Amino acid sequence: MKTGNSNKKSSSVGKILKSKFGAWLWRSKVAEARDEDPRREKVHRVFRLTAHSMAAGALAGLVVTLYRRLIPLIGAQVKNLLLWGRQSFGGCLVFLGLMALFALFSAFFVQREPMIGGSGIPQVAGKLKGQLHYSWLRVLVYKFLGGLLSLGGGLTLGREGPSVQIGAAVGEAYAEKTKMKKSDSDLLMVSGSAAGLSAAFNAPLAGVIFAQEELHKVFTPRTMLSAFAAALTADFISALVFSSRPVLSLPLMQRPGFRLYGLLCILGVVIGLSGALFNTLIMAGKRVYAKLRLPLVGKILLPFLLTGVAVLLDPRLFSAGEAFIFIKPSDWLPASEFVLLYVEKLLLLVLAFCSGIPGGIFFPLLVLGSLVGNAFGTVLWSFGLLSAEEVTLFSILAMGAHFGAIVRSPITGILLIVEMTASLRSLLPLGVVTLFAYVTVEFCRSAPIYDSLLDFILKGKSTAEKQAGKQPDHLSS
């Protein structure tokens, strides 16, 4: 009996232990499943984000690559007409007639969608902040067509800013068609912007950092991953057409000796002063155009015709001025000639950009920085303080520092030069010049150019809304 009772007790105890162990094991598996589900979901979100970013980046890369391909094709034909037109007075009139025709079409595009004016970077930043609202489709179509005319027509404007706005429009379009929520749509706009700049410059790292530094203003792993995936994909698409070399394939630079760092500090101060002058003239030009009692067609016709006259007198002024960056030591100009070219290109840029024509300041400000560096370096070379190679070095360093001072995106400016030269040797001297340029332009109390342009757009929008509100109902409708 005792044995039977003990067996029953042991079996009942065993059942209890098994049931408790089973319950504990079940709870453990449930807990593990709960812990694993968020991890799996996080992995799935990362894969989905990467896939969507790569798809949007590929589309942006295709559009910007086509844009980049068509601009020089149109520009070459216009340049040929320019050279032919310089041979006779009648030829000059034919060339100016073409410029007037380009102006009329550009004015039509801007009338259809005012947000395509200028570079487009402030508009993208404003839309991300919820301050501006516009149709991605109208921007995509009219910015593309308008940019072909203004850039192909030889105006002193750049394609990089428009490429950023086009890339953002493609990212927003992709998000809308795939029915993404608002936060993901904004993320793809930022990524599309990075892809646009990457395809325009063949510089994916600079594209990623610029999108974070200038547009998103916040560095997070999620935005970095999305922008990086989009920029790399767009760069791959662009490389299939244009090769993987950067747009500006600059010579490999040697790190300067420490004897030059004092001169580099002075160069930084000069570049900072140039950046402050640049920002002041751009905003002054915007205010002058706003006060001109001319219709939109007249405001856009003015820079086309005046630029046409300028390039007829000096064909070197045609387009943004890439050739000025690659001046060989054997073709060196005197410092006074560099200064004259700087003044001419700066005035032509202000004339064109401030009118509201589709076109950016990104590339022209690099050219202007290069001219300042060349002028400064040539003066030092004439006194035997620099070698020929070091003058080229000063020109290249001045480009990145000029960008950092004007835009206040120093990391982007530094990375841009690093990617162009395919070398980290320039990192220390470039950082020194950029630092002194940045401090100088801050001392001059010159606001970042894209922030100033966004403020100008918002003030103009507010003024227009107030004026529309004061009108009678039958007029405002």
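1. Buried here means under 20% relative accessible area. By that cut-off, 52% of the 477 residues of the protein count as buried. Keep in mind that this is a predicted model.

2. Overall make-up. The protein has 17 helices and 0 strands. It exposes about 22100 Å². Carbon and sulfur atoms supply 67% of that area. Take the contacts between residues at least 6 apart in sequence: 81% of them join residues at least 24 apart.

3. Helices α2 and α4. α2 covers residues 89-112, and α4 covers residues 136-152. Their axes come within 9 Å and cross at roughly 160°. Angles over 145 degrees count as roughly antiparallel, so α2 is roughly antiparallel to α4. The crossing of these two helices is left-handed.

4. What does α2 bring to its meeting with α4? On the α2 side there are Phe102, Phe105, Ser106, Phe109 and Arg112. They meet Arg138, Tyr142, Leu145, Gly146 and Leu149 of α4. By class, this contact has 6 nonpolar, 2 polar and 2 charged residues. An α-helix has 3.6 residues a turn, so residues three or four places apart point the same way.

5. Helices α6 and α7. α6 runs over residues 182-201, and α7 over residues 204-216. The two axes come within 8 Å, with a crossing angle of roughly 140°. α6 passes α7 in a right-handed crossing.

6. The α6 and α7 contact, residue by residue. α6 supplies Val190, Ser193, Ala194, Leu197 and Ser198. α7 supplies Pro204, Ala206, Gly207, Val208, Phe210, Ala211, Gln212, Leu215 and His216. By class, there are 9 nonpolar and 5 polar residues, and no charged ones.

7. Is α7 mostly covered or mostly open? It is mostly covered: 11 of its 13 residues are buried. Among the buried residues are Val208, Ile209, Phe210 and Gln212. Glu213 and Glu214 are buried too. After α7 comes Lys217, whose phi is positive, near 65°.

8. Met224 sits in helix α8, residues 221-242. Its relative accessible area is 27%, so Met224 is partly exposed. Which residues does Met224 touch, not counting those up to four places away in sequence? They are Val208, Ile209, Gln212 and Phe219. Val208, Ile209 and Gln212 are buried residues of α7. Met224 and Val208 are 16 residues apart in sequence and 7.2 Å apart in space, C-alpha to C-alpha.

9. Thr307 belongs to helix α10, residues 296-313. Is Thr307 buried or exposed? Thr307 has 1% relative accessibility, so it counts as buried. Leaving aside neighbours within four places in sequence, Thr307 is in contact with Gly154, Leu155, Leu348 and Leu351.

10. Ile266 is in helix α9, residues 261-291. Its relative accessibility is 44%, so Ile266 counts as partly exposed. Ile266 and Phe436 are 170 residues apart along the chain. Their C-alpha atoms are separated by 8.0 Å.

Conventions:
Residues numbered from 1 in each chain as written. Predicted model: local features only at pLDDT ≥ 70, side-chain atom pairs only at ≥ 80, totals over all residues. Heavy atoms only, no water. Axes fitted to C-alpha atoms, helices over the stretch in contact; angles between N-to-C directions. Helix = DSSP H or I, 4+ residues; strand = E, 2+ residues; numbered from the N terminus. Left-handed = near helix turned anticlockwise from the far one by under 90°. Contact = heavy atoms within 4.5 Å. Nonpolar A, V, L, I, M, F, W, Y, C, P; charged D, E, K, R; others polar. Buried < 20%, exposed > 50% of the residue type's maximum accessible area, 1.4 Å probe, protein only. Parallel < 35°, antiparallel > 145°, perpendicular 65-115°, else oblique. Areas by Shrake-Rupley, 256 points an atom, 1.4 Å probe, with all protein chains shown as cover.
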